[in-house]
Amino acid sequence: MKFDYDLVKTAYLDDEAYARVQDENNETVFKSGLKIFSDHNGFRNGEVHTFIGTKGCGKSTWAKTLLAEIAWQEKGALLYISEESIDKYTLALNRMFRLNNKTSDRAKEYLDNIVTLSEMETSISEGEDFFKIIENLIDSCSLDIFIFDNFTTAFLSELHISEQSKILRRFKEVAIKKNIPVVIFFHTSKNVDPRKLDGDSVKGSGTAINIGSYNYVIYQHKDTSTIRNFIHTEKARYHSRANKKVYEVMYNYDLGTFTGCDQITMQDYRDVVVEKKW
């Protein structure tokens, strides 16, 4: 291995570098109407963001909520889905944009910003092919963000744990190389205790959590009469004001997305879920 020793630096940042990094952290590239994301000025270029949740807790609803906000801003998104056909997955988005815009032509203007690839409709089965296709699409379509819904049910999760770790690090490399946010959804392992809202319960390689600079744990609480949705910012590496916050999230049944959130304490959250026996 030939090593470039010019890459070794001291910890000191000169005034120009100091101002540049500060400005990057304060810049808002992806606006959000949800406080959970605006707390850290939206999704961050060059960083991996992870969402972890139990089966059926609303992970795809979160993905569609993000996609709707991105499309409204007319930014380009690459969406990779592992469990559904493109038509069925995007039906709710098409319904939402038709309701808001009244015509299919206006809906098309926004939704054409989302380039979609379904694992069920392709023959991708090798990691190298996957990343080559993803990077080519990001470049050729000039896309601003990559969303993967979800890793746990994709062919990549069938690899050995050590191979999964290598693959997951590649997502970080893509984020840095293309200078875009990469957003990945994961399942938790079985028999997880949601009272802890702990990202370490992710199914598969723990690298899934380690590579993320911004990690969110989501949970849906169900009892006989109500469904309540929660999200916890477990890690916000460069925005301490967003770290460890918990929100209860409002679901809009007409639009099929989350449309608002109220901050609560962790104790408030535990008071809700403690009634359920684990």
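Which residues does T233 touch, not counting residues up to four places away in sequence? The close-ups below begin with that residue.

**View 1. T233 and its contacts.** T233 touches I36, N215, Y216, A242, N243, K244 and K245, leaving aside residues up to four places away in sequence; contact here means heavy atoms within 4.5 Å. T233 is found in strand β7 (residues 227–236). Helices (H or I, at least four residues) and strands (E, at least two) are DSSP runs, numbered from the N terminus. With a relative accessible area of 1%, T233 is buried (buried is under 20% relative accessible area, exposed over 50%, partly exposed in between, with a 1.4 Å probe and protein chains only).

A note on the model: it is predicted, so to speak of local features we need pLDDT of at least 70, side-chain atom pairs count only at pLDDT 80 or more, and totals for chains, interfaces and linings use all residues. Residues are numbered from 1 along each chain as its sequence is written, and side-chain values use heavy atoms, with hydrogens and water left out.

**View 2. Strand β5 and its neighbours.** Here 6 of the 6 residues of β5 (residues 182–187) are buried, so the strand is largely enclosed by the rest of the structure. V182, I184 and F186 point one way, while V183, F185 and H187 point the other way. Strand β1 (residues 48–53) runs parallel to β5 and is joined to it by 6 bridges, with F51 standing opposite F185. Strand β4 (residues 145–149) is also parallel to β5, through 3 bridges, and there F148 has I184 as its bridge partner. Two strands pair if DSSP finds at least two bridges between them.

View 3. β4, helix α7 (residues 161–178) and β5 make a right-handed β-α-β unit. Right-handed means that, with the strands pointing away from the viewer, the path from the first strand over the helix to the second runs clockwise.

**View 4. Aromatic pairs.** The count comes to 29 aromatic pairs, taking rings of Phe, Tyr and Trp (its six-membered ring) whose centres lie within 6.5 Å; planes under 30 degrees apart are stacked, over 60 edge-to-face, and the rest tilted. The F130 and F171 rings have centres 6.0 Å apart and planes at 70°, so this pair is edge-to-face. F130 lies in helix α6 (residues 127–140) and F171 in helix α7, so the pair ties together parts 41 residues apart in sequence. Both F130 and F171 are buried.

**View 5. Charges over rings.** The charged end of K64 sits over the ring of Y89, 4.6 Å from its centre. R170 lies over the face of F131, at 4.4 Å from the ring centre. The rule asks for NZ of Lys or CZ of Arg within 6 Å of the ring centre and within 35 degrees of the ring normal.
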